[in-house]
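Trainee: I am new to this structure. Please show me how to read a few of its features.

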Amino acid sequence: MKVLKCLTIPFVILALWFIGSTVGIINQYIIPPPSRVLHTAITLLSSGLLLEHIATSLFRVFAGFFATVLFAFPLAVLVGIKRKLQDFIEPVLDFLGHIPPIACIPMFILWFGIGEASKLAVIILATFFPVFLNTLNGILSCDKQLLEVGDVFGFKDRDKFLRIIMPSALPSIIVGLRLGLGYSWRALVGAELIAASSGIGYMIIEAEQLSRPDIIIVGIITIGLCGYLIDYCFFRLTSCIIPWTRKRSVYGRS
Amino acid sequence: MAGVKIQKVDKNFYINGQGINALSDINITIEDRSFVALVGKSGSGKTTLLKLICGLEKSTRGEISFFQPPEKSMNCQSNKVSIVFQEPRLMPWLTVEQNMAFPLIKEKNRDLVSQTVNHYLDLLVLKEFKNAYPSQISGGMAQRTALGRTLCYDPDVILMDEPLGALDAFTRKKLQVDLINIFQLKKKTIVFVTHDVDEAVFLGQKVVIFEAGKIIEHVPVNIDYPRDPLSRDFLQVKKKILSLIEAENFH
């Protein structure tokens with residue numbers, strides 16, 4: 001039933017699109033009919049071209065994402081432990097946080113060329129903030145009452161960090177990773193639109209130059225679907241790590 | 001095994017530069033393996049005293065020391081202190097069983113740990129719910145888990161800060177009885193804070209009455225466990241405590 005509800009709006013749009021194209025209200029040069037888009041999608045899939053672009057983009061996202069996590073996470077932990085570092089870092093981050101990663105692309109192209117390095121740089125920039133800020137926030141917002149429990153049982157600082165602070169920060173860390181993954185996917189497609197020779201973004205910009213709106217639509221739908229699937233898989237994988245946050249069910253009487 | 005000697009303890013807090021005298025001239029001797037109830041209105045300094053005893057806060061003046069019973073040999077002295085808070089304060093990411101094993105994280109002998117945890121799961125009737133998370137259990141079960149966690153730590157002195165305050169009357173009554181059974185079985189020193197005079201008289205071998213950071217009176221309760229709250233002796237002690245509190249309020 002829920003699946004049906006989810007599909008209602010896409011189905012209505014598809015139906016309007018189909019009817020509009022058939023009746024002739026919609027200009028076919030601006031919005032090609034669904035049948036042509038479907039045909040293009042099948043051609044691109046069977047030639048392997050679409051999958052190749054998807055694979056290139058996905059590889060960039062995962063490489064960039066892991067590179068970011070490798071340094072954003074330890075940095076957040078360090079700032080979380082050494083509170084004095086916060087005064088140095090906070091204003092800088094507040095400033096950088098307002099700059100969209102896309103705005104830095106021209107500079108990255110000057111520095112790194114249009115190869116993989118500039119794409120990685122964009123992804124790292126896009127992923128850094130959600131991962132860093134959510135990890136830091138998770139560490140700083142640890143319940144003082146739970147830390148007192150550690151004190152009462154004679155825990156050392158190290159034990160308190162590993163046994164109380166880290167597990168309590170875990171849900172927030174995972175939210176940060178999930179947001180970061182979404183941001184990096186969007187930022188990457190943006191980067192590929194500006195400068196690339198492969199990837200989904202490149203496929204779209206190339207189609208614009210060839211006046212092929214059908215390919216553009218296939219590209220846009222692919223971006224949405226891939227983003228959705230990445231997020232869904234990530235959510236599924238991580239909800240096993242934090243089972244206590246699942247929906248509450250009360251076990252009978254006391 | 002250990003008793004607690006509290007001598008001339010003062011505690012001042014500073015809030016917005018203004019000194020507040022939370023405790024003044026507190027003297028109590030809590031005998032080894034005795035059950036002492038501290039009773040008084042909220043804000044009378046009971047919780048502060050518990051925090052001083054377990055080292056979460058430092059006293060401004062005076063001394064808190066632990067002593068061993070004379071029959072105990074000098075070479076196996078210990079004075080482990082722990083507290084059961086007003087809120088259960090369970091780790092939300094651990095199950096009931098894991099929460100109870102929480103203080104024993106450093107223990108190498110895992111068999112001993114699971115033995116201890118199982119023992120208290122049985123004693124507190126939590127076995128059925130050992131795999132539930134704190135968000136899935138009722139308040140009474142959560143408070144029993146918190147009590148079990150402290151018992152697993154095996155302290156010599158257990159401090160309790162209104163641990164039953166948030167529970168309904170039935171659950172509360174049952175846990176009071178459980179507590180007395182555990183006290184008699186495990187031979188611990190227990191300091192129990194409450195604002196409920198009935199509860200204090202039901203549990204304590206000695207009731208210490210607090211008022212505005214001072215002790216008004218120590219009232220011994222020489223009634224055998226289990227106590228009947230409707231018996232004449234019980235009502236007599238209760239009446240005495242209530243009149244002492246009332247007299248203080250009319251001053």
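Mentor: Start with exposure. Buried means under 20% relative accessible area, exposed means over 50%, and partly exposed lies in between (1.4 Å probe, protein chains only). This is a predicted model: local features need pLDDT of at least 70, side-chain atom pairs count only at pLDDT 80 or more, and totals for chains, interfaces and linings use all residues. Residues are numbered from 1 along each chain as its sequence is written, chains are lettered from A and ligands numbered from 1 in the order written, and side-chain values use heavy atoms, without hydrogens and water.

Trainee: Is B:Lys11 buried or exposed?

Mentor: B:Lys11 has a relative accessible area of 8%, so this residue is buried. B:Lys11 sits in strand β1 (residues 3-15) of chain B. Strands (E, at least two residues) and helices (H or I, at least four) are DSSP runs, numbered from the N terminus.

Trainee: Which backbone oxygen does the side chain of B:Lys11 reach?

Mentor: That of B:Lys58, at 2.7 Å.

Trainee: Where is B:Asn16?

Mentor: B:Asn16 is in the loop between β1 and β2 (18-30) of chain B. Its relative accessible area is 80%, so B:Asn16 is exposed. Look at the backbone too: phi of B:Asn16 is near 50°, a positive value in a residue other than glycine.

Trainee: What about B:Val125?

Mentor: B:Val125 is not a glycine either, yet has a positive phi of about 55°. B:Val125 lies in the loop between α3 (110-123) and α4 (139-153) of chain B. B:Val125 counts as exposed, at 51% relative accessibility.

Trainee: Which peptide bond is cis?

Mentor: The one from B:Tyr225 to B:Pro226, with omega near -10°. B:Pro226 is in the loop between β9 (214-220) and α7 (232-250) of chain B.

Conventions: Polar contact = N/O pair within 3.5 Å; in protein donor to acceptor, adjacent residues only side chain to side chain.
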